[in-house]
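This report goes through one protein chain, from its overall make-up to single residues. Please keep the sequence and the 3D view at hand while reading.

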Amino acid sequence: MSFSVAALPYPHDALSKKGLSEQQVTFHYEKHHKGYAVKLNAAAKENASLAKKSLQEIIQTTKGPAFNSAAQIYNHNFYWKSISPSGGGLPRGNLRHALEQSFGTYEKFREAFTAAANGHFGSGWAWLVLDAKTGRLKVYQTHDAGCPLTEENLKPILCCDVWEHAYYIDYKNDRAAYVEAWWGMVNWKHAEQRLAETGRHFVNSDL
């Protein structure tokens, strides 16, 4: 199996008016994101068992460098879908209702997610996930290449990349400014689709 990254859902310069320049997106996608596929394919050449597994199987059954590369491919695939040139604004419908059920208000969710993204120590990811055990949404952090797929009960809905390479060209060390810009491009339609796909068996029936 040859591993590759998902195609960028929009042109490299499509987010420039939202706060991520063409240069930032190009370096992030072409160098960092695609670089993980290069590393994973090299590992698969050395280990035939890896080549027989899917990306998700590697994430869920391995550790070390192979896991790091596979999880970073998945995480970045999810990240690019979590933002959009037409994103921003407020969530609606079942997603808005689910956020209010889980956090009390949309504003409290935003505060919790922003705190997780800004306060995360070192490199990692801030996620909105659906917890299958409770049927509720929650904010979740993973360090380095950590991925919610390693937890059977967690279903990813949204994510924000808080590795420095995600924002350093545009924002230097000002992560808070980057996270604020992320809210202006968050792809609620993708989150709504994820909730519909993963939540039908888990979310409270009144959604």
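## Elements of the chain

Helices (H or I, at least four residues) and strands (E, at least two) are DSSP runs, numbered from the N terminus. By this rule the protein chain has 9 helices and 3 strands. Read from the N terminus on, the elements follow the order α-α-α-α-α-α-β-β-β-α-α-α.

The model is predicted: local features need pLDDT of at least 70, side-chain atom pairs count only at pLDDT 80 or more, and totals for chains, interfaces and linings use all residues. Residues are numbered from 1 along each chain as its sequence is written, and side-chain values use heavy atoms, with hydrogens and water left out.

## Overall size and cover

The C-alpha atoms of the protein chain fill a box of roughly 50 × 40 × 30 Å, taken along the principal axes. The radius of gyration is taken over C-alpha atoms, and the globule rule is 2.2 Å times the number of residues to the power 0.38. For 207 residues, a compact globule would have a radius of gyration near 17 Å, and the protein chain agrees because its value is 17 Å.

A residue is called buried under 20% relative accessible area, exposed over 50%, and partly exposed in between (1.4 Å probe, protein chains only). Of the 207 residues of the protein chain, 48% count as buried. Accessible areas come from the Shrake-Rupley method with a 1.4 Å probe, and for residues only the protein chains shown count as cover. The protein chain exposes about 10,000 Å², and carbon and sulfur atoms supply 50% of this area.

Contact means heavy atoms within 4.5 Å. Take the contacts in the protein chain between residues at least 6 apart in sequence: 70% of them join residues at least 24 apart.

## The sheet

Strands of a sheet pair through backbone hydrogen bonds, either parallel or antiparallel. Here two strands count as a pair if DSSP finds at least two bridges between them. The chain has an open sheet of 3 strands in the order β2-β1-β3, with antiparallel pairing. Its edge strands are β2 (136-143) and β3 (154-161), each of which pairs on one side only. On average, neighbouring strands of this sheet are turned by 30 degrees against each other, direction ignored.

Strand β1 (residues 124-131) is joined to β2 by 8 bridges, and to β3 by 7 bridges. V129 has K138 as its bridge partner in β2. The hairpin of β1 and β2 has 4 residues between the strands, and in this hairpin G135 takes a positive phi near 70 degrees. As for cover, 7 of the 8 residues of β3 are buried.

## Two helices

An α-helix has 3.6 residues a turn, so residues three or four places apart point the same way. Helix α4 (residues 65-82) has 18 residues and reaches 25 Å from its first C-alpha to its last, close to the 26 Å expected at 1.5 Å a residue. The expected span is 1.5 Å times one less than the number of residues. Is α4 mostly covered or mostly open? Covered: 15 of its 18 residues are buried.

Axes are lines fitted to C-alpha atoms, for helices over the stretch in contact, and angles run from 0 to 180 degrees between N-to-C directions. Helix α5 (residues 93-103) packs on the sheet and touches β1 and β2, with its direction at about 80 degrees to that of β2.

## Single residues in the loops

I83 is found in the loop between α4 and α5. At 1% relative accessibility, I83 counts as buried. Leaving aside its neighbours within four places in sequence, the contacts of I83 are Y10, L15, L20, W182, M185, V186 and N187.

D144 lies in the loop between β2 and β3, and is partly exposed because its relative accessibility is 44%. K172 lies in the loop between α7 (168-171) and α8 (175-183), and is partly exposed, with a relative accessible area of 45%.
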